[in-house]
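Here is a short briefing to read beside the model. Keep the viewer open as you go.

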Amino acid sequence: MDVEALSRLQFAGTIMFHYLFPPLTIGLGLVMVVIEGAWLRTRDESWKHAARFWTRVFALNFALGVATGIVMEFEFGTNWAAYSRFVGDVFGSALAAEGIFAFFLESGFLAVLVFGWDRVGPRMHFASTLMVFLGSCFSAVWIVVANSWQQTPAGYHVVESVVHGVPSFRAEITDFWAMVFNPSSVSRLLHTLIGGLILGAFFTCSVSAYYLLRRRHERFARRCFTIGVIIAACSSVLALVTGHEQASKLAVTQPAKLAAFEGHFETGPAGLYLMGWPDAESGRVRYGLAIPGGLSFLVHWDFHAPVTGLHEFPESDRPGVWLPFQSYHLMVGLGTAFLALTLGTLPLLRAGRVFRMRWLLWLYVFAVLGAFAANQAGWVAAETGRQPWVVYPSVQNGVEIPGLRTSDGLSESVRAGQVLWSIVMFGAIYALLFAVWVFVLNSKIQHGPDERASEPGSDRPDVRGILASAAGRVGHVGSMTEAHGEASRAGGGA
Amino acid sequence: MSHDALSLIWFGLLGVLLIGYTILDGFDLGVGILHPIAKTDEHRRMMMNSIGPLWDGNEVWLVTFGGALFAAFPPAYATVFSGFYVAFMLLLFALIFRAVSLEFRSKVVHGGWRRVWDGGFFGSSLLAAALIGITGGNLMLGLPMDEHLVVEQSLTGQLSPYPLMVGALTVLLFSMHGAIFLYLKTEGDLQQQVERWIWRAFGLFLVVYVLTTMFTLVKVPRAVQNFEEHPWLWVVPVLNVLAIANIPRAMFKRRPAYAFASSCATIAALAFLFAAAMFPDLVPSTRDPAWNLTIFNARSSEKTLGIMLVVAIVGMPFVLAYTAVIYWVFRGKVTLDHASY
């Protein structure tokens, strides 16, 4: 394989591993807000224990998100130097905003969230939980804005700069808000956030269903399961709406990408495939099962309206078809399944019928894997479908601006052997990290929420307890994966 | 504000981030380097737990530094990160492996198991500290950068004597800094041992510091150019020497907090001297000084630097407050309980 293929493989692998965590923290953030809100309203201590449990799970995933996120920041420079020079000026402001506001805001309040149970009042604690949730949504804002800008650039011009007599081109920002609100950023951001909510909700359901099947922490599990199913059902509906909105925009902003998603080669009325095996060489979809005119209808509300096909584009400007097609259909298929599953479960929540249906609970234990897969598949489709461009060409104020091809974004000095070596190293070290994640997550789930009522006086600040436990906490991959209260009790999460 | 002023401010802010990172991550990398010297399992656990809640917040400063460099001076970020491909990949692996080692070590009570992760914790801390120094040393020397801003240099080419010496200096500086930090966080038996490590680390650091200073004056003549134009800069090396001299004095007088402040000042001064030696270059080219990447030809547009400055002014108080809160919560001596590493 050449440097381009290897660098793309490395970036894909490292970002997919990273992307296990951020959507999960977004989704769990909402679950924590709901649970802690219930505690604030009812002052029922068992809600507090539930909130503490999810806080611990959240903190672990947050820490892993941070650890794997550093890699992404390095790779822009190490593997994609030409790309970094081209986009640096535009990315700059978005990245700075992300770094300062989202990341530090979130980390700062997370400290209160994890360590502050006995140090701040319930209202302040609830406010911190809300800020952490908003912070994790906020950090999605900037990275999705930056990515959307690459897909549908706006608010910039390309400037020729001459350094040492060598001319080069780079994008420079002309209008910050036009860059932020580029044509695709809002709908893509909403869809991404909703994907996170679905994942967090299914994760909650999975853990709760496991407890119910094992007859452990049943009161906790029933409550959390109910919350999870309701969030998952609402989000699945919203995912459908925002997904549709995005797909119909694609017809205008990135028609080649939409054509690749649906395996649509010749311009004309387009079908909507349920499944198939697209073959770019012969220009058709084998074994396809399609609704005739379905895509035309979705985009134009007319079964006969023409949709631009891939063959409209010169061969060098076409994305591959197989991977975007399959990952897009995997996402859509899973999304539809979530909708059916959660809407079907809602009526069963009444009178707790669902809690007696063991097969359905087992389904929920594993459905979270589908939610992980759907989030990943969505991004695979988004990123492979926009090839061969890393920054799409665009028209600004009537002027055509050339894009940047992925193959032109590479580091000039990096060799295939070096990238291959680093891929092998990443494989080994991420396998270890994955083992840590599963190991610690499992120990937290096995430990479960604390169900004992808290000891009298535990609500007043206990300075010695905080210091002792803080200094001797189980520090996980991150610094804040243990609430101090757990450590000061017997049998912490270790 | 003019474009030039904004460029200067961002060079300064990068310097602040670099100082923040080296002071904060310096002591926890140092604790990792000292780790195998501790003889008993209990002592080793105390050491790991002294940095337990702090180290990943410290690494956030590195992330912020990288992001700020990318945003403010994209060509410099691109050239350095791609030019140091192998070294930076090793740095990433070291940082992640270190996290894994901390996490795994104390999960199983078995001698062989713990020895493996002890080795991992030590090796990755040492490697990370050395690579930071080696990168700095190479930047001081300049990189073989052509007019297309491309650096073609193998890792072995980057392991020449001067960068290796700066790498050694960094390792010893962080070890001394980490030892003083440990002295503050421990008591009794372990604290007495740590005191001996401080003296040894200090002695070794002093020798390599003097050698590196001489080596720099011989090998990197442009290091003092800015000092000739701006004589006030000489205040910094003088303060640096005073800070170094104050470390043994404070330890002798049993004022470890002053010693720690002095080692923080030493690191800050060295990072400052590095920035002063580089200015206004970000990446000097050894092939033709006309090809240097400077803060003026590698900067982002005026608009971008301005937006980022607003963001930084609004956000910096949060950053500092966050750091202060975490350190306040985790003040005091380390003790072990069932939930420790």
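Predicted model: local features only at pLDDT ≥ 70, side-chain atom pairs only at ≥ 80, totals over all residues.

Residues are numbered from 1 along each chain as its sequence is written, chains are lettered from A and ligands numbered from 1 in the order in which they are written, and side-chain values use heavy atoms, with hydrogens and water left out.

**Confidence**

- pLDDT is the predictor's confidence in each residue, from 0 to 100.
- Chain A has a mean pLDDT of 83, with 89% of its residues at 70 or more.
- Residues 453-494 of chain A stay under 50 in pLDDT. The model has 126 contacts beyond four places in sequence for this stretch. Contact means heavy atoms within 4.5 Å.
- Chain B averages 86, and 96% of its residues score at least 70.
- Among the elements of chain B, helix 7 (residues 161-185) has the highest mean pLDDT, 93. Helix 12 (residues 302-329) of chain B has the lowest, 80.

**Terms for the packing points**

- Helices (H or I, at least four residues) and strands (E, at least two) are DSSP runs, numbered from the N terminus.
- Axes are lines fitted to C-alpha atoms, for helices over the stretch in contact, and angles run from 0 to 180 degrees between N-to-C directions.
- Angles under 35 degrees count as roughly parallel, over 145 as roughly antiparallel, 65 to 115 as roughly perpendicular and the rest as oblique.
- A crossing is left-handed if the near helix is turned anticlockwise from the far one by less than a right angle, and right-handed if clockwise.
- Nonpolar covers Ala, Val, Leu, Ile, Met, Phe, Trp, Tyr, Cys and Pro; charged covers Asp, Glu, Lys and Arg; the others, Gly among them, are polar.

**Packing within chain B**

- Helix 1 (residues 3-34) of chain B packs on helix 3 (residues 55-72) of chain B at about 155°, with axes 8 Å apart. The two are therefore roughly antiparallel.
- Their crossing is left-handed.
- Helix 1 of chain B contributes residues including Trp10(B), Tyr21(B) and Phe27(B). Helix 3 of chain B contributes Trp55(B), Trp61(B) and Phe65(B), among others.
- The residues of this contact divide into 14 nonpolar, three polar and three charged.

**Packing between the chains**

- Helix 3 (residues 45-79) of chain A meets helix 3 of chain B at an angle of about 30°, with axes 10 Å apart. That makes the pair roughly parallel.
- This crossing is left-handed.
- Ile70(A), Glu73(A), Phe74(A) and Phe76(A) meet residues of helix 3 of chain B, including Glu59(B), Leu62(B) and Phe70(B).
- The contact has six nonpolar, two polar and two charged residues.

**Packing within chain A**

- Helix 8 (residues 218-253) and helix 11 of chain A pack at about 140°, with axes 9 Å apart. That makes them oblique.
- Their crossing is left-handed.
- Among the contact residues are Phe225(A) and Val229(A) of helix 8 and Tyr328(A) and Phe338(A) of helix 11.
- By class, the contact has 14 nonpolar, four polar and no charged residues.

**Backbone geometry**

- Most residues other than glycine have a negative phi, and most peptide bonds are trans.
- Arg43(A) is not a glycine, yet has a positive phi of about 55°. Arg43(A) sits in the loop between helix 2 (22-42) and helix 3 of chain A.
- The peptide bond from Gln387(A) to Pro388(A) is cis, with omega near 0°. Pro388(A) lies in the loop between helix 12 (358-385) and strand 7 (389-391) of chain A.
- Phe279(B) and Pro280(B) are joined by a cis peptide bond, with omega about 0°. Pro280(B) is in the loop between helix 11 (256-278) and strand 1 (281-283) of chain B.
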